Amino acid sequence: MKLGQWLGFLCLAIALLILWQVRQMLLLIFAAIILATAFNGLVHRLQKMGLRRHIAVPITLGSVLLLVILFVGLIVPPFMNQFFELVRLLPEASTQILAHLEELLDLRPSWLNLELPDTSELARQLQPLIQNLLRNFFAFFSNSLTALVQLLLVLVLTVMLLANPTGYRQAFLMLFPSFYRRRADDILTLCEVQLGNWMGGLVISSSFVAAMSFTGLSILQIKLVLVHALLAGLLNLIPNIGPTLSTVFPLTVALLDAPWKAIAVLILYIVIQQMESYWVTPTVMAQQVSLLPAFTLIAQIFFASFFGFLGLLLALPLAVIAKTWISEALVKDILNRWGEENAIAPAALPSEDEPVEQGEG
C-alpha cells in the first residue's frame, strides 16, 4: 500500500474510534431527528392548509406542548400513585406465588420423587434480591439528572432541526460525492417517509394495546388498571421484549386475588398481542418498510449490546433507516449494477410482426 492509502486507512480508523466514543451523543441526535421528522410531518399538513412555515412551526410546537401538559397534569399523578403501590405489592405477590407453587408441588404424584428446594428457604433468599432491585430502582430515579439533561438536549436539537431542516439536510448531503448527492437526497426522502409511517403506526398500535388492556383488566377487576394499561402501551414501543414484560405486572397482582384471575389475565394479553400483531399492525403499517421478525430481534440484541437501553429503545427506527440505505444505496445502486457491462443479454424474441422462420420438416 502507498503512503496515501495508509494515511487514509489511519484517518478512517481514528474517525471510527471517535464515533465510538461519542456513540451515546449520536443516539441522542438520532432521537432528535426522529422527533423532528414527526413534527415536520405535522408542519407540512398545516402548510398544505395555507399557513406559512414560520407560523406552522410554532402552532405545531404549541399544540404538542399543550398535549404534554394535559398528559402530565391528568395522567401522571394517578399513574405514579398506582406505580408506587405496584412496587409495594411486588414482595407480597412474590411470596404469594411461592405459596401457590408449594401447593402445586404438594399435589404431585407419589411416583414423582424429586429433590425439590424448600420454597420457604427460596423465599428467604429472594427477599433480599427483591429489596435490592427496589433500592436500585429508586436510586435510578433519584439520580436522574443526567437523563433530564439528555432529554432537554434532545428537545433543543429537535426545535433547531425543525426550524431549518433544509439547511441541515444540505449540510449532510455535502458529505457525499457531487454525482451522488441527488440520489442521496432521494434516499433521505424515502427514509423520512418510512420513519413517518413507522411512528404513526406505532402510536396507533400502542394506543390500541393500552386501550384494550385497560378495558380487559377493568372487566376482570384487576387492581392498578391505569398503571398496567399505560405500561402495556409504553412497553409496546419495544417489539418482542416489551409485550412480554408488560404481562408480568398484572399477572403478579392478579395472583393476590385469585389464581383464575391470573390465568384470565394471561389469556387476555395473549389475545391482545395476537390482535395487534395480525390485525392492527398489518392494517396501519401497510406502507411501512417490512422487517422480518428475526432481523428485528437481531437488531434489538445488537443495539442493546453496544448502546444500552437507549439503543434497545431506538433499535427499530435504526433498523428501518439501515434497511432503507442498504436496499437503496448498496443493493440497487451497487450490487444490482455490478458487472452490467459484462452481462450477457438474453436472446431477443421475435416480435408479432416478424414472421417466424419454419425449420425444415
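1. Start at the end of helix α8. Just after α8, Q221 takes a positive phi of about 60°. Bear in mind that this is a predicted model.

2. Now the helix itself. α8 has 40 residues. From its first C-alpha to its last it reaches 58 Å, close to the 58 Å expected at 1.5 Å a residue.

3. α8 also matters for the count of core residues. The largest nonpolar core has 31 residues. Within this core, W198, L314 and W325 have the most contacts. Two or more residues each come from α2, α6, α8, α12 and α13. The largest share, 8 residues, is from α8.

4. Leaving aside residues up to four places away in sequence, L314 touches L27, F30, A31 and I34.

5. Next, the second largest pocket. Its volume is about 1,500 Å³. The lining comprises 36 residues. Of these, I29, F30, I33, F172 and L188 lie nearest the centre of the pocket. F30 is also one of the residues that L314 touches.

6. Which helices build that lining? At least two residues each are supplied by α1 (3-21), α2 (23-48), α6 (145-163), α7 (165-173), α8 (181-220), α12 (293-313) and α13 (315-335). The largest share, 10 residues, comes from α2.

7. In the second largest pocket, 28 lining residues are nonpolar, 4 are polar and 4 are charged.

8. Look at K261 in helix α11, which covers residues 259-284. Is K261 buried or exposed? K261 counts as buried because its relative accessibility is 13%, and the cut-off for buried is under 20%. Not counting residues up to four places away in sequence, K261 touches L220, Q221, I222 and A254.

9. How far apart are I270 and T244 in sequence and in space? They are separated by 26 residues in sequence. In space, C-alpha to C-alpha, I270 and T244 are 9.6 Å apart.

Note on methods
Residues are numbered from 1 along each chain as its sequence is written. This is a predicted model: local features need pLDDT of at least 70, side-chain atom pairs count only at pLDDT 80 or more; totals for chains, interfaces and linings use all residues. Side-chain values use heavy atoms; hydrogens and water are left out. On a 1 Å grid over the protein atoms alone, a cavity is a set of points where a 1.4 Å probe fits but cannot get out, and a pocket is an open set with protein on both sides within 12 Å along at least five of seven lines; lining residues have an atom within 4 Å of a point. Grid points are joined across faces, edges and corners, and a volume is the space filled by probe spheres set on the points. Helices (H or I, at least four residues) and strands (E, at least two) are DSSP runs, numbered from the N terminus. Ala, Val, Leu, Ile, Met, Phe, Trp, Tyr, Cys and Pro count as nonpolar, Asp, Glu, Lys and Arg as charged, and the others, Gly among them, as polar. The expected span of a helix is 1.5 Å times one less than its number of residues. A nonpolar core is a set of buried Ala, Val, Leu, Ile, Met, Phe, Trp, Tyr and Cys residues joined through side-chain atoms within 4.5 Å. Buried means under 20% relative accessible area, exposed over 50%, partly exposed in between (1.4 Å probe, protein chains only). Contact means heavy atoms within 4.5 Å.
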